[in-house]
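Subject: Structure handover

Hi,

Here is the structure for you to look over. My notes come after it.

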Amino acid sequence: MEIQPGDAAVITGAGSGLGEGLAQVCHQAGMRVIVADIELAEAERVASEIREAGGEAIAVRTDVSDRSSVEALAARAYEEFGEVRLLCNNAGVQIFKGLVDTSADDWSWVLGVNVHGVIHGVAAFVPRMREQAGAAHIVNTGSISGCAPYPRPRTMLAGAYITSKYAVVGLTESLHDELEPEGIGVTALCPAGIRSRIFDAERNRPAALGGPAPAPVEQWEGMEPTEIGRMVLDAVREDQLYVFTDTWPRRFIERRHEAMMAAFDLLET
């Protein structure tokens, strides 16, 4: 999809980390930006920085796990800008627990944000995109963790997160096939490491699902969000289905698919 100055972009989870980087890169490309985040103060900060740099941006508090909140975001976006050319379903959370130790509340929170957040974004925006003139594109933030397993220390077990990101990648692949004939592009963003606050995601965990908690592990250094943001916009322009951000996970993806092919080979013996 060709990106034109004045095109509108909606980005969830845009108050920090990758979402903030996407918002800044969209602004640099001349786009108008809706900065959506559950932390309104952070969304306002990002939108204010864009406006101070000469861009056009508004902040909208959005809880992506709540379908009515995402519907309200879509309504506001179309009320303000009349169209949305780019939707980035980016908001995500993470916990560090083995699968057996993952509680019902853990599952509800992680799947509610990571999976239902994308589902709600698709449900709220695609019908409106179908009615507007011109092309549109959707980017769903998955993870390299949603493409292949790789070794982790026991302190970094994240089965619920990995499960959710496999779902996002599968959803995105299916959505791509459904919407391609209609001129709506779809991309799965599968980063391998980002400088972000996702390790501290439980700061925003709702009381009904266990409440806020301090970060259980330290954030490691990752790629700058704006660097990944530029990769995303290039992928949108080229209508790429996948965006990977580093080469090191390739061997794990190859190993997974080799195991699958070996299982098929058994059928031929």
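This is a predicted model: local features need pLDDT of at least 70, side-chain atom pairs count only at pLDDT 80 or more; totals for chains, interfaces and linings use all residues.

Residues are numbered from 1 along each chain as its sequence is written, and side-chain values use heavy atoms, with hydrogens and water left out.

**The sheet**

Seven strands form an open sheet with parallel pairing, in the order β3-β2-β1-β4-β5-β6-β7. Strands and helices here are DSSP runs numbered from the N terminus (strands: E, at least two residues; helices: H or I, at least four). Two strands pair if DSSP finds at least two bridges between them. The edges are β3 (57-61) and β7 (242-244). Each has a single partner strand, so one side of each lacks a neighbour in the sheet. From one strand to the next, the twist averages 15°. Helix α5 (residues 116-131) packs on the sheet and touches β1 (8-12), β4, β5 and β6. Contact means heavy atoms within 4.5 Å. The direction of α5 makes about 170° with that of β4. Axes are lines fitted to C-alpha atoms, for helices over the stretch in contact, and angles run from 0 to 180 degrees between N-to-C directions.

**Strand β5**

Six of the six residues of β5 (residues 136-141) are buried, so the strand is largely enclosed by the rest of the structure. Buried means under 20% relative accessible area, exposed over 50%, and partly exposed in between (1.4 Å probe, protein chains only). Both faces are covered: Ala-136, Ile-138 and Asn-140 on one side, His-137, Val-139 and Thr-141 on the other.

His-137 is the bridge partner of Leu-86, and Gly-185 in β6 is the bridge partner of His-137.

**Aromatic rings**

Rings of Phe, Tyr and Trp (its six-membered ring) pair if their centres lie within 6.5 Å; planes under 30 degrees apart count as stacked, over 60 as edge-to-face and the rest as tilted. The count is four aromatic pairs. One of them is Tyr-242 with Phe-244, stacked at 5.9 Å centre to centre and 10° between the planes. Trp-248 and Phe-252 pair edge-to-face, at 6.3 Å and 80°. Trp-248 is partly exposed at 29% relative accessibility, whereas Phe-252 is buried at 9%. Ring pairs link Tyr-150, Trp-248 and Phe-252 into a cluster.

Best wishes
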